[in-house]
Amino acid sequence: MKKENKIYINSDKVQEWKGDVAKSVDYYNQWFLNFAPKAYRDTRSSTAEKVLLALEQSFYLTDISPQVLRANPGILSILRMTTRPPIARDRLIGLSGVPINLVGSMEKGSIPSRMDSKVLEDGLEKISEILKKLIDTDIFTWLEKGGKPNEEEKNRASIIIADRLCGMLADPIIRNAQEKRQLEMLSALLNKKGYALVKSGQSATLESLKPGTYSLRLNVPVSIGDDHKVNIPIDVVIRPKDAARKPILIEAKSAGDFTNTNKRRKEEAVKYAQIKATYGKDVPFLLFLCGYFDSGYLGYEAAEGIDWIWEHRMEDFDLLDL
């Protein structure tokens with residue numbers, strides 16, 4: 001249906017929103033039941049391997065000295081989960097009184113290069129003392145009896161700590177798995193239609209994409225003030241085969257509950273406003289939705305001029321005439 005030379009896909013079909021929301025929720029829940037446990041299990045397995053490495057680097061928690069922390073700063077996030085109770089990052093900073101940037105840098109795998117040496121040594125010592133005082137000896141049973149753990153003890157401890165870590169990261173694990181699947185579906189659709197993928201690392205830009213190509217997670221520069229630009233990532237950018245047409249920008253969105261989507265609904269509107277301010281109002285910007293997006297969310301996006309395609313009805317992509 002055409003209005004003001006714009007093709008409306010779902011944003012103008014208010015009478016169908018309620019039914020589509022129900023179908024989208026069912027679609028997401030079915031995916032979650034079938035695939036989320038595997039995504040979590042795979043992540044837990046790889047995390048358990050990192051835990052085993054951290055145990056080795058700390059000599060199975062018998063040496064959590066400042067020297068060990070300095071040599072292996074990245075193990076701090078794992079060591080926080082070895083205590084009773086597990087210590088959140090902010091709690092560790094509060095208990096130890098160390099600078100925030102020390103803990104932040106260590107959890108990214110490095111020591112702050114400009115930190116005063118005495119402040120650094122004092123901080124590492126304080127972190128070491130907190131961790132040693134709170135180690136959960138019910139998990140690391142070899143610490144009380146002395147000696148090294150056997151294979152059974154190591155494997156059991158690594159799985160417990162991996163579960164603690166993954167429990168904190170459960171939502172991002174599921175979200176990342178769903179995002180990966182959504183992008184794979186869009187890629188398969190575009191490949192089938194004869195489009196060629198241009199990897200974002202191949203100097204791809206919004207202007208350089210040739211007709212009949214697409215790119216994933218492409219950084220697109222937008223204006224946010226007088227002579228100031230920043231890059232915003234766009235999940236999928238499609239350059240239609242008709243060279244006269246504008247690139248089509250698509251954001252893949254999935255959600256496992258209604259609360260978070262309504263909290264984040266302004267993000268897409270802000271991004272679209274920046275795109276329009278930089279490239280004009282006629283650049284197509286669409287959402288690719290799966291999961292819990294209710295009428296409140298849809299109404300907000302529609303009011304901002306944003307349209308969408310449901311993952312449970314991929315045939316709507318035909319309306320883009322790709």
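At what angle do helix α11 and helix α12 pack, and how far apart are their axes? The close-ups below come from a predicted model, and the first one takes up that pair.

**View 1. Helix α11 (residues 265–279) packing with helix α12 (residues 295–303).** The angle is about 15°, and the axes sit 10 Å apart. Angles under 35 degrees count as roughly parallel, so that's what we call α11 and α12. Their crossing is right-handed. On the α11 side, look for Arg265, Lys266, Glu268 and Ala269; α12 brings Gly296, Tyr297, Tyr300 and Glu301 to the contact. Sorted by class, that's four charged, three nonpolar and one polar residue.

**View 2. Helix α8 (residues 151–168) and what covers its buried residues.** With 18 residues, α8 spans 26 Å from first C-alpha to last, close to the 26 Å expected at 1.5 Å a residue. Its buried residues are Glu153, Lys154, Ala157, Ser158, Ile161, Ala162, Leu165 and Cys166. An α-helix has 3.6 residues a turn, so residues three or four places apart point the same way. The cover over the buried residues of α8 includes α1 (17–57), α3 (76–79), α7 (142–145) and α9 (170–192).

**View 3. Helix α1 crossing helix α8.** Here the axes are 8 Å apart and the angle is about 125°, which makes α1 and α8 oblique to each other. The crossing is right-handed. From α1 come Tyr40, Thr43, Arg44, Thr47, Ala48, Val51 and Leu52. Among the α8 residues they meet are Lys154, Ser158, Ile161, Ala162, Leu165 and Cys166. By class, this contact has nine nonpolar, five polar and three charged residues.

How values were computed. Residues numbered from 1 in each chain as written. Predicted model: local features only at pLDDT ≥ 70, side-chain atom pairs only at ≥ 80, totals over all residues. Heavy atoms only, no water. Axes fitted to C-alpha atoms, helices over the stretch in contact; angles between N-to-C directions. Helix = DSSP H or I, 4+ residues; strand = E, 2+ residues; numbered from the N terminus. Parallel < 35°, antiparallel > 145°, perpendicular 65-115°, else oblique. Left-handed = near helix turned anticlockwise from the far one by under 90°. Contact = heavy atoms within 4.5 Å. Nonpolar A, V, L, I, M, F, W, Y, C, P; charged D, E, K, R; others polar. Expected span 1.5 Å × (residues − 1). Buried < 20%, exposed > 50% of the residue type's maximum accessible area, 1.4 Å probe, protein only.
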